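User: I would like to learn how to read a protein structure. Could you take me through its features in turn?

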Amino acid sequence: MSVWSDIILFTVDLLALFGVYLIINISLNIQRGFAGIPNFGLMFAIAGGAYITGAVATRLALVMLGMHTNLDPIFDNIPVLSKVDPLLQSQSLTSIALMIILLIIGAIFGAILGLIQLGPAIRLREDYLAITLLAFAEMINVIAVAYKPFIGGITGVQVPDVFAWSGEYRFYIATAAILVVAAISYVYAEFLGRSPLGRTMKAIRENEVAAMALGKNLVKYRAIAMVIGSAFCGMAGVLWTLYGDTVTPTYHRFYWTFLPWLMVLLGGLGNNKGALLGTLVFTVLDKLIIYYKHSLAGMLPFDVVWLDQVLLGLITAIILIYRPQGLLEEKPYVPKELEAKLKSIEKK
Amino acid sequence: MDSTIDYSQVILHTDKLTKRFGGLIAVNEVTLNVKRGSITLLIGPNGCGKTTFVNTITGYYKPDGGRVFFDGGDITGLPLNKTYEKGLVRTFQIPFPFLKLSVLENLLVAARNNPGEKFTRHLIKSSWIKVEEQLTEKAFNIMKMLGIEEDWDKEPESLDAGALKLIEIGRALISDAKMIALDEPIAGVNPKLAHNIFSHIVNLRKELDITFLIIEHRLDIALRYVDFVYAMYRGKIISQGTPEEIARDKEVREVYVGGE
Amino acid sequence: MFGIGLPTIVGGLTWSALLSLMGIGITLLYRTTKVPNFAHASFVTTGVYASFTLSLLGFHPYWGILAGFILTGLEALLLFYSILEPLRRRKSSVFILMIGTLAFDILFYGILNIYADYLQTVFKASARAVYLAPKDFSIMGIPGIMFMSLGMLVISVLGLYLLLNRTTVGIALKACMENTALAQTIGVNVSLMLMLSWFIAGGIAGISGALLPMYIETSPDIGVLLVAEMFCVSILGGLEQVYGAPLGGFLMGFAEVVLTSWLASEVGPWIISYTPLLPLGAMALTLIFIPKGLATIKIRRREG
Amino acid sequence: MLKVKNLNSGYGKLHVLYDVSLECEKGEIISVIGPNGAGKTTLLNSIFGIANIYSGSITIDGKETTRLPAYVISRMGVAYVLQMLNVFAQLTVEENLRISAAYSKVKDINKATEKIYEIFPILRERKKQLVGTLSGGERQMLAISIGLIRNPKILLLDEPTAGLMPLYVKMIANKIKEIRDMRGISIILVEQNVQKALELANKVYVLVSGQIIFKGSPSELKEKHEIMKLYLGVGE
């Protein structure tokens, strides 16, 4: 019994992390894999989605529940939530609606942040661009820490628990919500990769000059890729916040920019299946290390979590040197829906 | 403007077009006309400014002086993608294939006004799949004509240099251009294929009413197929005329074969 | 002047010198290998733990300058040989090389943390909050770290200048920076030159790291925390000029210490929490608005 | 002196040269001509160890050099004058010459520099100038001098007259002959300028689409009207 519940807990925990990273990695794959934009500031939109949730979720819940209070939802966060949460717990539909509205807000806010990043993205060369976007992303943390009315400074805020209605199944439902969005982002990215829009993005990635000579407006397509990608990142931030029902301005580029990059490189750029595989391999590895942390802890004179970094660094270096195309290589797409057409032409 | 020329017959007209790189004047006040429906050849030795000329009219470079008129409008200084929209499409001397796209996709991506490319419509497959099918058919016809239809699903990486040249030309053809500027379409191509390419160009001009401006090094092959020739040397037009006139031109021959 | 006291000026000078030392290596490596080196983070942290270890063993922490230089130089060589050379041989893009330095940095971040944990368990030392300033000397009330950091900066810049202008090896290194292909044709062993530049750049980063705990409290995270700022210093100073980094370092160091301290007294102390925006914003703006001077023009020109 | 045998080479997956063989004796000028993109520069890059060699062999004085790194080949007495970016623009003329001499077997650098100035007097006038300020022709002379000062056995020249004014073309051509006669070194000259190439060469190779389609003396090539017309764009 306890073994099973352990396994189930492990799996649910793993799936939540996997789902959030899948959304982010798919987004990176659209931006870098398809459109060739080396977004080293993924964290910008992810943290943006998370922080905007912290900033508006409680206010929004008050409005949706028709509650009035003189307390400030940020500075008097706990007292306000102690009134909001019990009410929300009994209203599953309002909770779901709140979640969906927050997702939309997160997507829009993420997209706006993506457009801000576009400034450097159309001007700079790859390596400089990466550093600039990285610096941009760091700034959102500085502001979130310094400007207290946003999400309460360094201590952060709690957000209404939109999954409370599911009681003891809360984490299952929350995980399911993450997986649904992850599935949508995956299916969408697959579709995009086969649409003329995705094809044009790839053409720009392959050769900017040739794409321009074929009439493609580089800025426009970069903007589209940034907006789509950043919207997904924003949603990932929202979901991660709702999953843990709290947010602090401690989003770190290591977890929210570097890891996604390494996972996508591991799986293979420009290929959604690769992104999926890379995410799976990494999250399983990560969770296993944490899971076995305690059994190893006595044997080693250091915290086992650091092995995570050592392994990750090693694996990435090995992949870069020995299999730069990743585990799954990008292949040209042969359109299935056009197959009938192709056959009839070939016969002629 | 020159009063002896009928400008309604001219699709491309440059007026004292100039492009400098630092102290070097790569294109020096070049004035030339390309007649609608013609195949016009621009020749000259290496480094004489031919490629820079094409780069400047199509907007890869911004000119430092002079104007470019195309199809009745002023296109001076428009960027590459805008000159494409006006109907002026160019190929590159070194082929720039999209390496991770199949040959078919390389052609499809070059098509004009594809509704599936629009952010607002890409999710609605029914709005673009018809166009996509038509384009596929068109692409196949072009590939057949160029003799690369066998390779339609291959990555350009696996093909030889000649085939890459043909993809480059195929992309220009599918774009419904009014005029195509070909930058050394037969450089590094064996003579038989080179003649084939030129025969195709002649046919296309007849069938599709496309104007061609061709930059070439290999006069022997090119001269047989063209209507009018400009010869360029050190950034300037030094001679112009029919292929016969050019072949007889003393100055051209001296420059071209590397005399002093 | 503006009511700023001597300690602020001393702090500004020290911090500027330390930042400059960190930036020099990034610029040097960018000039020779064309790669923005993310591993500079762990280079600096390695320097920190070099002097900390020596102080645990009973030496004066300033011996860490020497140890940090050598150790970190070797670490840089390890990165060069294990990751960058194989990638360069495969003709990987600069971007992939950059990811390579990131991978190495993450690997070493783990190793340094393991080492810190080890010191903590074995020596019972506070290896996650390293602060060695109490061991520093002082001259007329001014902490020795100011003299040491400025001195090290002068030595590094002077040393680089002499190397690059007065020695054959240095001129060959300069030749490599300008045109690797041409340097090869005149018989310069390019990979040896690159190796040299990695050793020097790593070594100087190690020196800055060794000095760091004499000025601020450090931890295994210190490099990661400072790496964006290091890039900022290097980029502000201009990546095309090896000696540009100190310019960026002093601009940044003074802005951070002196300017904010002045602003805090004039506008209010709340402004201090926005200080980190300064380097980040300055870097982003430099890159976006004056990329030309930094040779960062986007469009790749393939033919003339 | 130099023997290239059944060379197949290129860059990564891009196969450029197919079964190319070439021989060069001491004191000879070999011209390699052919259309754009035929693989002429790749041939020089292969000899110099920059391109990827798939099969075949290259020997210099009987010593195999096929897979040696460029700087080793350079120190064995091969000087390569690149077509473009062939001088250090941020160094002075003299620094350019000295750095090249410093990495060769030349002992007395001052004497070697002096010799170069005798061949190209204009460089003496410019010796303190930054190379970025030189004219195209002067740069080309410096580029050749950078190779020459190393006292090489073999000099590889990649289109030394491309894009130059006719005055300089003539001058450089004369210098190339002078160099051969004076030092008895072998020169492999890659040219687009067919006339010049034929005038200078003892032996000519015509390279088309990565293959040698002709090998012989300049006068023999002039008889081959077909080749001259089809591939080189010369003749009626």
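This is a predicted model: local features need pLDDT of at least 70, side-chain atom pairs count only at pLDDT 80 or more; totals for chains, interfaces and linings use all residues.

User: How does the radius of gyration of chain C agree with that of a compact globule?

Analyst: The radius of gyration is taken over C-alpha atoms, and the globule rule is 2.2 Å times the number of residues to the power 0.38. For the 304 residues of chain C the rule gives a value near 19 Å, and the chain has 20 Å, which agrees. Its C-alpha atoms fill a box of roughly 60 × 45 × 35 Å along the principal axes. For chain D, with 236 residues, the rule gives a value near 18 Å, and the chain has 17 Å, which agrees as well.

User: Is K175(D) buried or exposed?

Analyst: Buried means under 20% relative accessible area, exposed means over 50%, and partly exposed lies in between (1.4 Å probe, protein chains only). K175(D) counts as buried because its relative accessibility is 14%. This lysine is found in helix α7 (residues 166–183) of chain D. Contact means heavy atoms within 4.5 Å; leaving aside residues up to four places away in sequence, K175(D) touches I119(D) and F120(D). Within chain D, buried residues make up 57% of the 236 residues, and in chain C 61% of the 304 residues count as buried.

User: Which residues make the nonpolar surface patch?

Analyst: Patches are made of residues with over 30% relative accessible area and no salt bridge; like charges are joined within 9 Å, and nonpolar side chains (Val, Leu, Ile, Met, Phe, Trp, Tyr) within 5 Å. Accessible areas come from the Shrake-Rupley method with a 1.4 Å probe, and for residues only the protein chains shown count as cover. Here L57(C), F59(C), W63(C), L66(C), I70(C), L74(C), Y118(C), V122(C) and F123(C) make a patch of about 900 Å². The elements giving two or more residues to this patch are α3 (64–89) and α4 (94–123) of chain C. F123(C) lies in helix α4 and is partly exposed, because its relative accessible area is 38%.

User: Which chains share the most contacts?

Analyst: Of the five pairs of chains in contact, chains A and C share the most contacts. Between them, 50 residues of chain A are in contact with 51 residues of chain C. Buried area is the accessible area (1.4 Å probe) that two parts lose on being put together, summed over both. For chains A and C it is about 4400 Å², with 76% from carbon and sulfur atoms. On the chain A side, Y128(A), I131(A) and W306(A) lose the most area to chain C, together 15% of what that side buries.

User: How many salt bridges does the rule find across the interface of chain A and chain B?

Analyst: A salt bridge is a side-chain nitrogen of Lys or Arg within 4 Å of a carboxyl oxygen of Asp or Glu. The rule finds four between chain A and chain B. K331(A) and E155(B) meet in a salt bridge, at 3.8 Å from N to O. Between chain A and chain C the count is zero.

Definitions and conventions. Residues are numbered from 1 along each chain as its sequence is written. Chains are lettered from A and ligands numbered from 1 in the order in which they are written. Side-chain values use heavy atoms; hydrogens and water are left out. Helices (H or I, at least four residues) and strands (E, at least two) are DSSP runs, numbered from the N terminus.
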